[in-house]
Amino acid sequence: MNWLNHLPVLPIAIPLLAGALILLFQEQRRAIRIGIALVSTLLQLALAFAMLVLTTDAAPHFWSEGIGTYAIGGWPAPFGIVLVVDRLSALMLALNGVLALAVVVHSIARWDREGVYYHPLLQFLLLGLNGAFLTGDLFNLFVFFEILLAASYALLLHGGGAQRTKAALHFVIVNLVGAFAFLIGVAMLYSVLGTLNMADIAVRWGALADADRTVAATGAAILGVAFLIKAGSWPLNFWLPGAYAAASAPVAAAFAIATKVGVYAVLRLWSVMQTPAASFGEGWLFLLALATMLFGTLGILAARQLSRLIAFTVVLSSGTLLAAAGLGTPTMIAPALFYLVGSVMASGAFFMLAGMTERMRTTPTATSDPLQPWPTYNAFSVGEPPAPDAEVGIAIPAAMAFLGINFICCVLLVTGLPPLPGFIAKMALVAAAIDAPASVGVSPWRAWTLVIVLLLGGLVGLIALARAGMRLFWSVTDRNTPRLRVVEAAPLAFLILASLALSAAAGPAMAYFQDTAADLNSPDAYVRAVLGTQTQVNP
Amino acid sequence: MEAIIALAIGILTACGVWLLLRPRTFQVVIGLSLLSYAVNLFIFSTGRLRVDQPPIVGDAAVNAAQLADPVPQSLVLTAIVIGFATTALLLVVMIAVRGTTGTDHVDGQENEP
């Protein structure tokens, strides 16, 4: 028995065990808790990058066709639940690992003492995210969605305060309704397809009878509603800006990838439910995505609070990704994935930055209450809260210059200006959209509308962020220069540098994304890896 | 049988959606519970509704088409557990909102008259 065979299950097992282990230690023993969380996150990152390498052609002999499968409990697909590592899964896992490391380190400075059970909850959030990216079963996807949502409900409440609890209430209710939509969609699909295994769905989708196809398409549409709620697509995203703006800085940064789970699920659905006759989503997905982009753009202009503004850039990036998927051409997928990676790191860094700039204010706002013992310490009877030691730790010099430079980098990233990956991604998206009418027969109206909205979103984002930057750094007279500690500043710099690295390695990265897009477009290899060699996707 | 189940699901869903749109948190949580019953019944019914059939297959050869599909039944169990847990979590958040804002309105403030 080769231990490497168990590789795909480790990104789920490690945070589960680590989260449970942290619970055994009291809140006061911070060093041990942080140590376990850090080791677990580092391990996940290392595993994710190992899988990223294994899915490429660099190791063709290890997994056949670069797709690893793991049958949980040893039951073969489609009867048991399988975990599947293909390029898209490995990519999302690696992205999640990078962001998670930054979030864990950033929260050591201050946020993990603002309430109880921060580190275990964060590990459970990672468990849900990793599981959602790995699973090859639709109902299992629901279970991992609920795990990540349950953790995110508690994390959103982390730090307390009226604004957070209010936002959390809306967040929980909306996501519960989304869960019901998910269940109805899954049940309808199962009733006609007789399977929940994604590879098996791909096989049976093409062979559906016409009467069944209507039910299946309806089920897929209802399932899509659940994913679009999670992805923050208009008109299902009114919960998003409030929730993300109210969340504490590292939690909001961790949520930056949670919306992309919805996008991931839409991409997966698109991959396994392709019909030659009809375009995916019948054009509706594209229109919804355009509306999302416009909503995000208007929100960016209207937002008066920096964290709210960033929340709207998350909406804009979700809209861009959905529009790229909804245009219905495989050529858009590779640039969209590039955009996804860049935008997740950018929003993660930006939320952390916003949390730090909050401390420049001399008058605290609702979300930036200075350390107040939050009643959960009494409610959970875990003893006295650890003493705040805001002045301990190594501060970095030139804090304002650091914040300013990082602000500029974040702005360049989210608006898509050179030399950061946002620009490369946006340029590739525009190029693919302009080519689309000629090469794959997309309506030129759609392609050009996308190009215009994309560029408009960038311009408006630049205007609004420049305004916010001037207000933040130049026009304030009575501000504090915050003391920034290395542990909170380093993750921010790490994310910015990681995106710079992505920009420098744009060639190989784009090649990987193109392979990913090709895999998604023809799920034959995926099906062969999961179900065995004899099965084929029906044309 | 089908008509009764369909009616039950429909009425539960309608009541659930109506309650969900009400402004009080108590109404919302009852609405969500009703919706979850509707969803659970719906999943259960996708495994085919059969009466007067043995629940456990014996040694004798049986016609599988006459039996209900057990997979939706197991799905429903998972869905019930998860729905139960998240509703409990929602109740905690509601108590927190009631405590911090002093009102049971879902927006945390009363509407202006």
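I took axes as lines fitted to C-alpha atoms, for helices over the stretch in contact, with angles running from 0 to 180 degrees between N-to-C directions. Helices (H or I, at least four residues) and strands (E, at least two) are DSSP runs, numbered from the N terminus. The model is predicted, and local features need pLDDT of at least 70, side-chain atom pairs count only at pLDDT 80 or more, while totals for chains, interfaces and linings use all residues. Residues are numbered from 1 along each chain as its sequence is written, and chains are lettered from A and ligands numbered from 1 in the order in which they are written.

**Helix pair.** I looked up helix H7 (residues 198–205) of chain A and found that it packs against helix H20 (residues 524–531) of chain A at an angle of about 120°, with the axes 9 Å apart. The contact (C-beta atoms, placed from the backbone, within 7 Å) is made by Ala199(A), Asp200(A), Ala202(A) and Val203(A) of H7(A) with Tyr526(A), Val527(A), Val530(A) and Leu531(A) of H20(A).

**Strand pair.** I noted that strand E1 (residues 68–71) of chain A and E2(A) pair (at least two DSSP bridges) in the antiparallel sense over four bridges. The bridge partner of Tyr70(A) in E2(A) is Leu83(A).

**Chains A and B.** I found 25 residues of chain B in contact with 20 residues of chain A. Helix H2 (25–45) and helix H3 (70–101) of chain B each supply at least two residues of the side that touches chain A, and H3(B) gives the most, with 15 residues.

Notes
Contact = placed C-beta atoms within 7 Å.
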